Amino acid sequence: MADVKIVVAGASGRMGRALVREISQGHGVTLVGALEAEGHPDLGMDSGSLAGLQPNGIKLTADPLPLLVEAQAVIDFTRPMVSIMLADLAAQARIVHVIGTTGFSPADDKRIEAASRHAVIVKSGNMSLGVTLLAALVEKAAKALPGYDVEILEMHHKLKVDAPSGTALLLGEAAARGRGVSLDKLRRKDGNNGPREDGSIGFASMRGGSVVGEHEVILAGTGERITLSHSAEDRSIFARGAVQAARWGQGKKPGLYGMTDILGL
């Protein structure tokens, strides 16, 4: 079977470089394009060299159209406005779009859902296979312990702009799903709101240093606590999951999928 041809968006960023390194290892995939924003200082540079590899001859460009025409998948850890644009283009090109971007608004999500009518879109707040399994465990625990309070703690590097993280929200949604309601109905508001309601879901965000990602889910009942956690030690875990999603999406029907679909959970 021929390699899946992949374009990496945001190729000069931390995740973009990790993706270029992951794709360079083969495993049934090959890099055919590297995208960056118009005016970015790294435009024209070799994507392999930027990723700390030998030059690969694929230079960063700001024009997605000629790249997507030749590709079978685009992997995107960028910004919401860029991801929406790429979703529209993926729908036109009928290719797989893997979205690891976070911080979407409800209106953004509707745009992506519309694009998924014509493209296979795999979207997740965290592409780690370990976090995907953690979310499944959180859902089961929240269902089994409906009266326990859920508190989700997360810490990331000081440059991360959105809070709570996309992963924390993913875990909160898993807990709410386990209780058969939407996260909005169970989410505890920030600030001094008095005693919390039984079974509510709260979030705490910390930023500092170069932390890749730490997430802890605490289910607190009377006289006991259960803690489920995940530590990301290297961005390669997210790149590995995203590349697996790009391969998995080949030949699938258009639709909006998540990492749970890749693991069959």
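**Gly-209.** I started at Gly-209, which lies in the loop between strand E8 (201–207) and strand E9 (213–221); strands (E, at least two residues) and helices (H or I, at least four) are DSSP runs numbered from the N terminus. This is a predicted model, where local features need pLDDT of at least 70 and side-chain atom pairs pLDDT 80 or more, while totals for chains, interfaces and linings use all residues. Residues are numbered from 1 along each chain as its sequence is written, and side-chain values use heavy atoms, with hydrogens and water left out.

Leaving out residues up to four places away in sequence, Gly-209 touches His-157 and Lys-158 (contact means heavy atoms within 4.5 Å). I also checked Pro-55: it sits 154 residues from Gly-209 in sequence and 30 Å away in space, C-alpha to C-alpha.

**H1 and H9.** Next I looked up helix H1 (residues 14–24) against helix H9 (residues 236–248), and found an angle of about 60 degrees with the axes 9 Å apart. Axes are lines fitted to C-alpha atoms, for helices over the stretch in contact, and angles run from 0 to 180 degrees between N-to-C directions. H1 and H9 are therefore oblique to each other (under 35 degrees is roughly parallel, over 145 roughly antiparallel, 65 to 115 roughly perpendicular, the rest oblique). Among the residues that meet are Leu-19 and Ile-23 in H1, and Phe-238 and Val-243 in H9.

**H4 and H5.** Helix H4 (residues 80–93) packs on helix H5 (residues 106–115) at about 15 degrees, with axes 9 Å apart. That makes H4 roughly parallel to H5. On the H4 side I noted Ile-84 and Ala-87, among others, and on the H5 side Arg-111 and Ile-112, among others.

**Cores.** How many residues does the largest nonpolar core have? I got 35, and Ile-6, Leu-19, Ile-75, Val-98 and Val-122 have the most contacts inside it. A nonpolar core is a set of buried Ala, Val, Leu, Ile, Met, Phe, Trp, Tyr and Cys residues joined through side-chain atoms within 4.5 Å. H9 supplies the largest share of this core, 7 residues.

How values were computed:
Buried means under 20% relative accessible area, exposed over 50%, partly exposed in between (1.4 Å probe, protein chains only).
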